[in-house]
Amino acid sequence: MFVRIETRPRNRLPWATLGIALLAVGGFLLLESLDETQRRAALVRFGMTPGILSALWSTPQAGMLLKAITAAFASLAVHANWLHLLGNLVFLLIFGPPSERLLGPLRLLALFIVCGGLANVAGALTLGASAAPIVGASGAVSSIVGAYLALFPRSHLGLVLPLGLFLEFVRVPTAWLIGVWAVIQVLFAWIDPSFGRVAWSIHIAGFIAGIAFAFASRAAIARRQRN
């Protein structure tokens, strides 16, 4: 662990994490309220379309560049289906609050937006001229998971699990939960190979970017801890 972490409890509401979760849910419900034609149009409009990057590479245009930059970040708030949304929310709410307590809400938002946008761009670059839009906060959530691993490499997380007829509170090593997260991505790849190919590139890029962000924030974290 590269910074000293206080042991005294803090009761601050993780408003950045909760705000991200509410934005994701709100965006999904808004999409669900549209008819199928409008919904598909919204996914194309706000999603990160790999073909835009391919066209931009061959014929640079200011308008196309602005559209690509906007899509890289707007796509974080759009999810294709409830399973995609739920999977991201679970791991956001597990790893987001403790990361926010150490990084601070504004830095957590920067982690989510910047690293998530870069992860979606990395995913788009692996797909060439595909016209299928990339949507969702998977890369951004992966960056939070990566940052958490860098910040709390030997930590345990408390979870409430249904064991038999009762709910039990258990402490689970962080590495185990990250392993579960990786298994879920493998399952997605098995259920839908096209989605899996996208997910792996986005998740890996986000995970690495999150680790880099955490280490780049060491001085700021140390100052925050002293204050």
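## Overall layout

In what order do the elements of the protein chain run from the N terminus on? The order is α-α-α-α-α-α-α-β-β-α-α-α. That makes 10 helices and two strands in the protein chain. The model is a predicted one.

The protein chain has 227 residues, and buried residues make up 43% of them. Take the contacts between residues at least 6 apart in sequence: 78% of these join residues at least 24 apart.

## The nonpolar cores

The largest nonpolar core holds 37 residues. Within this core, F95, L111 and F112 touch the most other members. Six elements are listed as giving two or more residues to this core: α1 (15-32), α5 (82-103), α6 (105-125), α7 (138-151), α8 (174-191) and α9 (193-216).

## A119 in helix α6

Helix α6 contains A119. Is this residue buried or exposed? A119 has a relative accessibility of 1%, so it counts as buried.

A119 touches G139, I202, A205 and G206, with residues up to four places away in sequence not counted. F207 is 88 residues from A119 along the chain. Even so, the C-alpha atoms of A119 and F207 are separated by 8.6 Å.

## Helix α1 and its partners

Two packed helices are described by the angle between their axes and the distance between the axes. Start with α1 and α5. They pack at an angle of about 170°, and their axes are 9 Å apart. An angle over 145 degrees counts as roughly antiparallel, so α1 and α5 are roughly antiparallel to each other. On the α1 side, the contact is made by W15, A16, T17, L18, I20, A21, A24, V25 and F28. On the α5 side, W82, L85, L89, L92, L93, G96, P97 and E100 take part. By class, this contact of α1 with α5 has 14 nonpolar, two polar and one charged residues.

How do α1 and α6 pack, at what angle and how far apart are their axes? The angle is about 40° and the axes are 8 Å apart. These two helices, α1 and α6, are therefore oblique to each other. From α1, the contact uses W15, A16, T17 and I20. From α6, it uses P105, L106, L108, L109 and F112. The residues in this contact of α1 with α6 are eight nonpolar, one polar and no charged.

Helix α10 spans residues 218-226, and its buried residues are A220, I221 and Q225. Why do these buried residues line one face of the helix? Seen down the axis of α10, they fall within an arc of 135°, so they line one face.

Helix α10 also packs with α5, at an angle of about 80° and with the axes 8 Å apart. That angle makes α5 roughly perpendicular to α10. In this contact, α5 supplies E100, R101, L102 and L103, while α10 supplies I221, R224 and Q225. The residues of the contact of α5 with α10 divide into three nonpolar, one polar and three charged.

Definitions and conventions:
Residues numbered from 1 in each chain as written. Predicted model: local features only at pLDDT ≥ 70, side-chain atom pairs only at ≥ 80, totals over all residues. Heavy atoms only, no water. Buried < 20%, exposed > 50% of the residue type's maximum accessible area, 1.4 Å probe, protein only. Helix = DSSP H or I, 4+ residues; strand = E, 2+ residues; numbered from the N terminus. Arc of directions from axis to C-beta. Core = buried A, V, L, I, M, F, W, Y, C linked by side-chain atoms within 4.5 Å. Axes fitted to C-alpha atoms, helices over the stretch in contact; angles between N-to-C directions. Parallel < 35°, antiparallel > 145°, perpendicular 65-115°, else oblique. Contact = heavy atoms within 4.5 Å. Nonpolar A, V, L, I, M, F, W, Y, C, P; charged D, E, K, R; others polar.
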